[in-house]
Amino acid sequence: MRTEETLQQVIRPLVPHLPSDVQRDFLALDCEEALFGGAAGGGKTDGLLMAALQYVDRPGYTAALFRRNEKDWQQPGSALQLANEWLHGTTARWSPQQSAWVFPSGALIHFGFGSTLKQIIRSYQGSQYQFLGFDELTQWPESFYRYLFSRCRRRSEAIDVPARVRATCNPGGEGHGWVKRRFVADARNVTTGTDVRDDIRARNHGQLMPVPRVYVSPPSDEARRLAMETGVAAQGAYFVPAFLSDNPGIDAVDYRSKLLRLDPVTRAQLERGDWDVVSDGTFFKASYFNTIVKQPPGGLNWVRSWDLAATDKDAARDPDWTAGSKQAVQRMGNHEVRLYIGGVRRFQMDAGDTEREIASTARQDGLSTRILMEQEPGSAGKASVHGFKSRVLAGYAVESERRTGPKEEYWRPVASLASAGGLVLVEGPYMEALIEELTNLPVGHDDQADAISLGYFWQMRFLSSSGNVTTAIESTRGLFGGLGSM
């Protein structure tokens, strides 16, 4: 990585102010992958643009900065607007054909966007960049990020420039969960070894953050696979948290007064950089998930409800998940109903591996757990269910259920029950991904929601016909009517 003296020679003529201390920590990183951010107003976009500028004196250097939508580049304070301000009147020139600022060395910084994965693949298949920058990474699906990540590589050994991927963001948004898992959840300070979330909480109570303010997470799955293929040690994902007080160019008092107008969750995310607070969604609110038990009561009739998607995990797509929710309905003495979630199995595999995983899950659950498969419309759906009953799950109690209306009509009864305190989670590692999905509905994946809601409907109807629950349709709060209010 370039020395401070070299950075001053390259960046300083192009940037109207010196980097802040935390921006220097970010610019000094020589790792492959790093995230800069946390709270709002910490100088993240400035730092990202500076990072892209670090090698513009090198012939052949190519960088690309991305936002989710083209119109995002027109917003005041975006990296493109900053670049226009910083580079106007310098020796760099704007190339509309390339959507890039081009430098006398021939180096360039391209400004792109990616509204859909199909659009990204069409526009950037075959592209090569030594630097990729993502502004507001939590607005991106993981599959978009991973595909573009594959475009970051050195063109030849002759270009002495490291391949770098850099990103900025605040907590919250569509991609909050995967960004947190990749960069934050297990991040430890490179000097002290302390957990980043503990340090952030301590900082918000007046304590100082470690110096340097740099944290590293274990390598991602794809980094490990690449290491096995290349023989080069796998790198972790680095994280540099930033806060409003890090940015001397902003009126902190005025900015905080505006943050006071936000809801408590968003304010905690933007003001304190809190990655653990959960947002409320259209159907499910974070407060619905307060009832968690280590062990469920005995005597429950369990069912494993499956929502199928025989699709391999792939960086070039954002495929659905196969999700199987183990759950049980309990009727209390006061006629109230509780829905216990005993765990969720979730995976992305092809058809053959999906069948094997479902069979393996059935063996682990045991013969006492019924199995519910969704039956898709038409003869293909009947054939699929028949195959599971006669071949994959032969010897197990397998039921099928057809969904007869929009999936939202099945989510609402579960959400209504949850709002009344009737949803109980059995403690387990599945909970974070489940809560993230349910509180984001209808945005993002809905496979776990589909599995749980179809299973709940079937259980209530089954128990009603068995005489164990007398008014199943009433208990589901009007599955086929009165669904507009929640």
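Find leucine 35 in this predicted model: its bridge partner is phenylalanine 239, which sits in strand 10. Strand 1 and strand 10 run parallel, and five bridges join them. As a reminder, strands of a sheet pair through backbone hydrogen bonds, either parallel or antiparallel.

Ten strands make up an open sheet with mixed pairing, and their order is 3-4-5-2-6-7-1-10-9-8. Strand 3 (93-95) and strand 8 (188-189) stand at the edges; each has a single partner strand, so one side of each is left without a neighbour in the sheet.

Next, look at what packs on the sheet. Helix 6 (residues 142-149) touches strand 1, strand 2, strand 6 (131-134) and strand 7 (164-169), and its direction makes about 165 degrees with that of strand 6. Helix 7 (residues 176-184) also packs on the sheet, where it touches strand 1, strand 7 and strand 10. The direction of helix 7 makes about 115 degrees with that of strand 1.

Finally, turn to the nonpolar residues inside. The largest nonpolar core has 41 residues, and those touching the most other members are Leu53, Val56, Leu65, Phe103, Ile109 and Phe111. Several helices and strands each supply at least two residues of this core, including helix 1 (4-11), helix 3 (44-53), strand 2 (62-67) and strand 5 (108-113). A second, separate core holds 33 residues, among them Leu35, where we began, along with Ala64, Leu132 and Ala237.

Leaving aside residues up to four places away in sequence, phenylalanine 111 touches Leu65, Trp73, Ala79, Leu80, Ala83, Trp94, Ser99 and Trp101.

Conventions:
Residues are numbered from 1 along each chain as its sequence is written. This is a predicted model: local features need pLDDT of at least 70, side-chain atom pairs count only at pLDDT 80 or more; totals for chains, interfaces and linings use all residues. Side-chain values use heavy atoms; hydrogens and water are left out. A nonpolar core is a set of buried Ala, Val, Leu, Ile, Met, Phe, Trp, Tyr and Cys residues joined through side-chain atoms within 4.5 Å. Buried means under 20% relative accessible area, exposed over 50%, partly exposed in between (1.4 Å probe, protein chains only). Helices (H or I, at least four residues) and strands (E, at least two) are DSSP runs, numbered from the N terminus. Contact means heavy atoms within 4.5 Å. Two strands pair if DSSP finds at least two bridges between them. Axes are lines fitted to C-alpha atoms, for helices over the stretch in contact, and angles run from 0 to 180 degrees between N-to-C directions.
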